[in-house]
Amino acid sequence: MDCSSLFRLDGRVALVTGGSRGIGRMIAEGFLAQGARVYIAARKAAACAATAEELGPDCIPLPVDVATVEGCRALAAALAEREERLDILVNNAGAAWGVAFEDFPEQGWDKVMDLNVKSPFFLTQALHPLLKAAGVARPAKVINITSIDGQRLNPWETYSYHASKAALIYLTKRMAARLIRDRIVVTSIAPGAFASEMNRAARDHGDAVAQAIPAGRIGAPEDMAAAAIYLASRAGDYVVGETITVDGGLVHAALGTSIDG
């Protein structure tokens, strides 16, 4: 048994959506450290380019908005101009919307459901040829970034966000059942409290949030990178359709009501 390179990503090509900041950046940085060439996509071109410059020459910016099917296809086409295969796709781009039940708008429903559920499906569909090409040599990977809010309730009225992340967890299973025949392994990661623009409570009040977490702290970038590296690498080849919860115990080890992840 040779475990010396089990978690390495040397020579692998990865694409991380929403890769300019937050969880996407954590994952991109982890992949780069393990030897991958990483493309990051983001809606804001300047932020995408700045992050790529900070992360080094093996990080390439592709500033495309994947909020629409047209955007997903445009990103796939842009990548196809540069690469003959895609070994790892991380569907991380996402949005949230919190408004009281009586006032929750259709816009807040459609924007969140489109970006969090529709886009991962259609981007994976658009990249299917490149993923299949990678799978000839060894399994390609699709990692959907879901949330613990798809597994349990939080105290806030984020109706479309809850629904979207629960849907993506189950969509992961459905996609996994189909794509495994093409040697494409689909999984998901459900993060808890990580400091990010989307989770400002963890970012701005980490010590307070940590009091509700069994592990006693919010997530560190290495926690997220490690889970993604495991699934993306040879170590995760036999994990199919699973959602790995990375939350310090909030979902599975908390004894009472907890704060959002």
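Is phenylalanine 101 buried or exposed? Phenylalanine 101 is exposed, at a relative accessible area of 59%. Exposed here means over 50%, buried under 20%, and partly exposed in between, with a 1.4 Å probe and protein chains only.

Before going on, the conventions. This is a predicted model, where local features need pLDDT of at least 70 and side-chain atom pairs count only at pLDDT 80 or more, while totals for chains, interfaces and linings use all residues. Residues are numbered from 1 along each chain as its sequence is written, and side-chain values use heavy atoms, leaving out hydrogens and water.

Now the rings. There are three aromatic pairs in the structure. Rings of Phe, Tyr and Trp (its six-membered ring) pair if their centres lie within 6.5 Å; planes under 30 degrees apart are stacked, over 60 edge-to-face, the rest tilted. Phenylalanine 101 sits in the loop between β4 (88-91) and α4, and tyrosine 159 in helix α6 (residues 159-179), 58 residues apart. Helices (H or I, at least four residues) and strands (E, at least two) are DSSP runs, numbered from the N terminus.

Tyrosine 159 is partly exposed, at 32%. Tyrosine 159 also pairs edge-to-face with phenylalanine 104, at 5.7 Å and 90 degrees. Phenylalanine 104 is in the loop between β4 and α4 and tyrosine 159 in helix α6, so this pair ties together parts 55 residues apart in sequence. Phenylalanine 104 is buried, at 18%. Phe101, Phe104 and Tyr159 form one aromatic cluster.

Last, helix α4 (residues 106-126) contains lysine 111, which is partly exposed at 47% relative accessibility.
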